[in-house]
Amino acid sequence: MSKIFTVVRNIVAERSGITPKSLEGCTNLEAVGLDGMDMSELIMAIEDEFDIEISDDEYNAIGTLDDIVELVKKKEKKKS
């Protein structure tokens with residue numbers, strides 16, 4: 001399990017009120033009760049944590065925990 005996955009999972013868990021261990025990569029974010037406002041706040045927390053910017057198109061493509069992890073990995077790779 002990557003550090004990015006762990007950090008993202010913990011942020012999602014905090015925002016959704018679900019224990020981190022119950023979240024898997026394939027977890028659908030809507031299924032854990034994250035509505036539009038929750039998702040916006042989640043994305044802002046991810047952007048702050050990793051010092052990245054997520055575009056509207058990228059935001060709209062996010063459906064699962066893995067989607068966020070892969071996006072963060074891609075953004076981190078571009079920074080280095």
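**Exercise 1. Determine where Met1 lies relative to α1, and whether Met1 is buried or exposed.**

Met1 is found in the segment before α1 of this model, which is predicted. The next step is to look at its accessibility: the relative value for Met1 is 71%, and since a residue counts as exposed when over 50% of its relative area is accessible, Met1 is classed as exposed. Leaving aside residues up to four places away in sequence, Met1 touches Thr6 and Arg9. Finally, Met1 can be related to Lys77, from which it is separated by 76 residues in sequence and by 18 Å in space, C-alpha to C-alpha.

**Exercise 2. Check what span helix α1 should have, and compare it with the distance between its end C-alpha atoms.**

Begin with the length of α1, which runs over residues 3-16 and therefore holds 14 residues. At 1.5 Å a residue the helix should span 20 Å, and because its end C-alpha atoms are 20 Å apart, the expectation and the model agree. After the helix comes Gly17, whose phi is positive, near 75°.

**Exercise 3. Identify which residues of α1 are buried and name elements that cover them.**

The buried residues of α1 are Ile4, Phe5, Val7, Val8, Arg9, Ile11, Val12, Ala13 and Ser16. Among what covers them are α2 (36-50) and α4 (65-79).

**Exercise 4. Describe how α1 packs against α2.**

Two packed helices are described by the angle between their axes and the distance between the axes. Here the axes of α1 and α2 come within 10 Å and cross at roughly 145°, and the crossing in which α1 passes α2 is right-handed. On the α1 side this contact is made by Ile4, Val7, Val8, Ile11, Val12 and Arg15, and on the α2 side by Glu41, Leu42, Ala45, Ile46, Glu49 and Phe50.

**Exercise 5. Find which residues of the largest nonpolar core touch the most other members, and which elements give two or more residues to it.**

The largest nonpolar core has 25 residues, of which Val8, Val12, Leu42, Ile46 and Ile68 touch the most other members. Two or more residues are given to this core by α1, α2 and α4, and the largest share, 7 residues, comes from α1.

How values were computed:
Residues numbered from 1 in each chain as written. Predicted model: local features only at pLDDT ≥ 70, side-chain atom pairs only at ≥ 80, totals over all residues. Heavy atoms only, no water. Helix = DSSP H or I, 4+ residues; strand = E, 2+ residues; numbered from the N terminus. Expected span 1.5 Å × (residues − 1). Buried < 20%, exposed > 50% of the residue type's maximum accessible area, 1.4 Å probe, protein only. Contact = heavy atoms within 4.5 Å. Core = buried A, V, L, I, M, F, W, Y, C linked by side-chain atoms within 4.5 Å. Axes fitted to C-alpha atoms, helices over the stretch in contact; angles between N-to-C directions. Left-handed = near helix turned anticlockwise from the far one by under 90°.
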